[in-house]
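Subject: Structure handover

Hello,

Here is the structure I promised you. Please open it beside this email and follow along.

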Amino acid sequence: MRKIFSAMAVVIVGLSTASARAEVKELKLGLQFGLIYLPATVAVEEKFIDKRAKEQGLPGLDVTIQRFSGSTAMNDAVISGNVDLGAYGLPGLLIVWDKTRGRQDVRGVAALGRNAFIVVSNKPSIKTLKDFTDDDRISLPATNSPQAILLKMASDKLYGQPNHFDKMMVALPHPDSVTALLGGREISGYVSTPPFQQFLLRDSRIHAVATAKEILDGEEATGVIVGGARKFVDDNPKVAKAVFMALDDAMKFIRENKPKSADIYIESEKSKLSKDDVVAMMSDGSTEYDVAPHGLKRFADFMKKIGMLGQSPNDWKDAFFPTAYDRSGS
């Protein structure tokens, strides 16, 4: 009888251990629009995530992508479980990190990179940020996006307070901003990112007004961070590690295989840009892919100063899971 009970105990323990170690076989990944998201798309299309999952001892990983516009929509999807991991704008990730501490505890898994932000306009009279008036409208993907925080930083720098441009901000997906700016009616400014800025600046009606580097005194901050809730990462540590490593793989692939990467971008976003155009944009230095975050602490301190965060992390690692701790971030 003792032998029977011992055998049963071994089976039960074995089943419990196997259950505890079981991780998801399908990953739902939320992305937005633009070249900055290309590493995630490449990681899926080239099956880097699946490969890295198998290296972690998992049977494999099917990955599906859903597209959103703005970190608010992304966060709703992450919190509700409609996606497992989502790509947040840097400020959006900081806001949800601050609000969910001690609960869902959403943090970063990997950054996607730094990209140039350029304020562009279709009005010849607007030559500097100070030329925008209350009658003008400046589009950006969300009012808590990196673009919005940059305008608040510019306002603080130019006017001594962060809200000068608030009434001018309108939230539009990037493709809609391009259409509206070229249409010349709804908006007179747009805080652009690649590849939309390059496309617009080739049009003689559009010109650059200001850049993020000018606002940030020569620096360029991370634009996007892939993040998720602690429960998902704790329940799926090998999946989280596989995603981090696969994104790093994808960044190397993009640097070494720009034509193939351009094909993936055009197909994934149904872009009307030519392959040569996308390759040129990937080569012009406007986007720098990196899994480590940059400028997170600077953004967080400013957002706390203006009341958008209740607390600023003491270090960038406080807002990240350990997957990225061996990288040099800020």
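Helices (H or I, at least four residues) and strands (E, at least two) are DSSP runs, numbered from the N terminus.

Before going on, note that this is a predicted model, where local features need pLDDT of at least 70, side-chain atom pairs count only at pLDDT 80 or more, and totals for chains, interfaces and linings use all residues. Residues are numbered from 1 along each chain as its sequence is written, and side-chain values use heavy atoms, with hydrogens and water left out.

H2 is mostly covered, with seven of its eight residues buried. Buried means under 20% relative accessible area, exposed means over 50%, and partly exposed lies in between (1.4 Å probe, protein chains only). The buried residues of H2 are Leu38, Pro39, Ala40, Thr41, Val42, Ala43 and Val44.

Next comes helix H3, residues 48-55. Its buried residues are Phe48, Ile49, Asp50 and Ala53. They pack against H2, E2 and H11. Just after H3, glycine 57 has a positive phi of about 90 degrees.

How do H3 and H11 pack, and at what angle? The angle is about 135 degrees, and the axes are 8 Å apart. Axes are lines fitted to C-alpha atoms, for helices over the stretch in contact, and angles run from 0 to 180 degrees between N-to-C directions. H3 and H11 are therefore oblique to each other. On this scale, angles under 35 degrees count as roughly parallel, over 145 as roughly antiparallel, 65 to 115 as roughly perpendicular and the rest as oblique.

H3 passes H11 in a right-handed crossing. A crossing is right-handed if the near helix is turned clockwise from the far one by less than a right angle, and left-handed if anticlockwise. On the H3 side, the contact is made by Phe48, Ile49, Arg52 and Ala53. On the H11 side, it is made by Ala242, Val243, Met245, Ala246, Asp249, Ala250 and Phe253. Contact means heavy atoms within 4.5 Å.

**The six-stranded sheet**

Six strands form an open sheet in the order E2-E1-E3-E10-E4-E11, and the pairing is mixed. Two strands pair if DSSP finds at least two bridges between them. The edge strands are E2 (62-67) and E11, and each pairs on one side only. Helix H5 (residues 90-100) packs on the sheet and touches E3 (85-89), E4 and E10. The direction of H5 makes about 115 degrees with that of E3.

Is strand E4 buried or exposed? Nine of the nine residues of E4 (residues 107-115) are buried, so the strand is largely enclosed by the rest of the structure. E4 pairs with E10 (residues 222-228) in the antiparallel sense over six bridges. There, alanine 110 stands opposite valine 226. E4 also pairs with E11 (residues 287-288), antiparallel again, over two bridges. Here arginine 114 stands opposite glutamate 288.

**The five-stranded sheet**

An open sheet of five strands has the order E7-E6-E8-E5-E9, with mixed pairing. Strands E7 (169-171) and E9 (207-211) stand at the edges with a single partner strand each, so one side of each is left without a neighbour in the sheet. The twist averages 30 degrees from one strand to the next.

E6 (residues 138-140) and E7 run parallel, joined by three bridges. Leucine 140 has alanine 171 in E7 as its bridge partner. Alanine 171 and serine 80 are 91 residues apart in sequence and 23 Å apart in space, C-alpha to C-alpha. Serine 80 lies in helix H4 (residues 71-80). At 46% relative accessibility, serine 80 counts as partly exposed.

Helix H6 (residues 146-159) lies across E5 (118-121), E6, E7 and E8 (189-192), at about 140 degrees to E6. Helix H7 (residues 174-183) lies across E5, E6 and E8, at about 145 degrees to E8.

**H13**

Which residues of helix H13 (residues 275-283) are buried? They are Val278, Met281 and Met282. They cover an arc of only 100 degrees around the axis, which puts them on the same side of H13. The arc is that of the directions from the helix axis to the C-beta atoms. What covers these buried residues includes H2 (38-45), H8 (196-201), H11 (237-256) and H12 (258-269). Just after H13, glycine 285 takes a positive phi of about 85 degrees.

Best wishes
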